[in-house]
Amino acid sequence: MSTQSDIPFVPSKEYLAREKRFYDAVALTKPDRVPVASLAAFFVTRYSGLTNAEAMSDYEKTAKAWLSSTKKLNWDMAPPPFTMFPSPVMEKLGLRTFVWPGKHLSENLPYQFVEKEYMLADEYDELLANPSDFVIRKVLPRMAESLEPLGLLPPLHWLSSGYTIIMFLASMVGVPPVKNMLQKLIEVGDEMNKFNAAQAKLIQELASAGYPLITFAFAQAPFDWISDNLRGMRGSMLDIYRQPDKLLAAIDLFTPFAIQSAIGAAKTSGITRIFIPLHRGAGGFMSNEQFEKFYWPSLRTLILELIKEGLLPMPFFEGDYTSRLPYLAELPRGKVLGHFDVVDLVKAKKMIGDIMCFWGNIPAQMLVTGNPSQIKDYVKHLIDIFGDNGGLILDGSVDGIPPESKPENVEAIMEAAVEYGTYS
Amino acid sequence: MSQELVQAITEMREEDALKITNQMLEAGTDPLEVLEACRNAMEIIGKQFETGDCFIPELILAGEMLKQISEIIKPRLKKEAVQKKFGKVVIGTVEGDIHDIAKNIVAFMLDINGFEVTDLGVDVPPMKFVEATRQTGAKVVALSGFLTLAYDPMKATVEALKAAGLKDVKVMIGGGQIDEQIRQFTGADGWGRDAMAAVKMANQWYR
């Protein structure tokens, strides 16, 4: 998908001012004011009166709501609309890796990932020997009903001759379940084109309205890729003990992919800020020794390679990262934007305050059940701790802004940024 | 040998733990002694988890070792070894939330710490908690939730328990986005950050 159009985009004064404010904070130099930038998802559409089910199924309505909420909230960056995954596409795919509102869940719940062992404990050898073949013929049929016929295909290297293209491939394509699958996939593609077109148009409208898009591309830590998507929490945690070498080999396998896919998405979209949501490396999840062996090296490589490409890695440190701060302190100064959920603020300031801009951390609990004066006090507290070198951007702790947040609490963030966070 | 088994489990030597179990049984050790060693090992692991000396991989692996040892012992037990349970807990992830990793760990730690646990699974409506609490006579209900969407159903479940007249039942809540402010919001009696906090609370409430 491309955000480019025939007419070259000329950024407005407001657009440039917002972008500068954001990058000043990232570089740990004082902007004119503490920026507000959010990874909010369903909050944005709810703020304009849409149900979560509508936000995932009606692309036009969602785009309208996104633009209107962005203008009304007036943050320094527009939140990422691609998080409103298209439920008609998921439906046509028969996707099993998610449950979503309007289908499995009531209309105002968020979609949720269904974690399972989509790859079994004894399948590492197959993955490592032939990753593409394994994913196409074994993993995809487990993840989506529509893709089950892929399991009928012969090993893909059998197709490497003109004879086998006729005898195997052409024959397979004629088999009724494969034929049905291909027909269904055409519908999937048509539907996805509608979604992508609406998104591309929206991104242009956001830019024209003066709001840079916070992110378009995302990458995962290689350990998370395996743990979240393939082996599950239980499976991957057991692999740490039962088959550590194979787990490490799989991490090596997915590291270049994580880097390349993020670079590719940044190039096509022109948006250089890469969101990296982190899951299993939080303090309390694994020991520092395990973090050092299984989690951090490949994540560090990912972050450093993105920096080398001139991109801005934006890891979201979900959970409590206090015990991991010494590792984060290894990263280069002013080149990473760290979004924090829970962390000891004083320790964070001390250990990484001169390394990376601090983003997020306004408690979800407060946004959902608290009141505006609590929020303003909290923002002031953050500014008191992190404001001295300008390295602070405001957002909620998790989900950017939780969908269930009270609007007046969310509006209080920007009010407090202006009131307490005007540097000059 | 008992001590060796405790050590093998706490040091996460899975193969050794199973080997020692088999050796003990072949040497004519009472299966109940093997179970006692497992219990001791889990107590040590629980303490290490509390102090930050072991983490989720260890809890999950210890659970796996325990499961396998129980399978080995089962045919040799004259009758089901009835561990004395000193309290009942009903646990589940609240309505609308399908996350079960943390809930499973809490249920497991409550179980090995002597509680009879009724696990209702995920996406559990308030009335299901009420029914299970009535049926089991549990005095403690544990509500889990990973997402912020869990706040409202937690509150609704606390209210449903009260409305059903189960007023002396205590409710604890836990999950990624839970704190004291959410405890007050939901009307729960307690909240905790991890599995051992749940065990401690349940112990206190049953004392």
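Author: Happy to. Axes here are lines fitted to C-alpha atoms, for helices over the stretch in contact, and angles run from 0 to 180 degrees between N-to-C directions. Helices are DSSP runs (H or I, at least four residues), numbered from the N terminus. The model is predicted, so local features need pLDDT of at least 70 and side-chain atom pairs count only at pLDDT 80 or more, while totals for chains, interfaces and linings use all residues. Residues are numbered from 1 along each chain as its sequence is written, with chains lettered from A and ligands numbered from 1 in the order in which they are written.

Now to the pair itself. In chain A, the axes of helix 4 (residues 59-73) and helix 9 (residues 176-208) come within 9 Å and cross at roughly 20 degrees. Helix 4 of chain A and helix 9 of chain A are therefore roughly parallel (angles under 35 degrees count as such). Their crossing is right-handed, meaning that the near helix is turned clockwise from the far one by less than a right angle.

Which residues make the contact? From helix 4 of chain A come Y59(A), E60(A), A63(A), W66(A), L67(A) and T70(A). Helix 9 of chain A brings K194(A), F195(A), A198(A), K201(A), L202(A), E205(A) and L206(A). Contact means C-beta atoms, placed from the backbone, within 7 Å.

Note on methods. Helices (H or I, at least four residues) and strands (E, at least two) are DSSP runs, numbered from the N terminus. Angles under 35 degrees count as roughly parallel, over 145 as roughly antiparallel, 65 to 115 as roughly perpendicular and the rest as oblique. Two residues are in contact if their C-beta atoms, placed from the backbone, lie within 7 Å.
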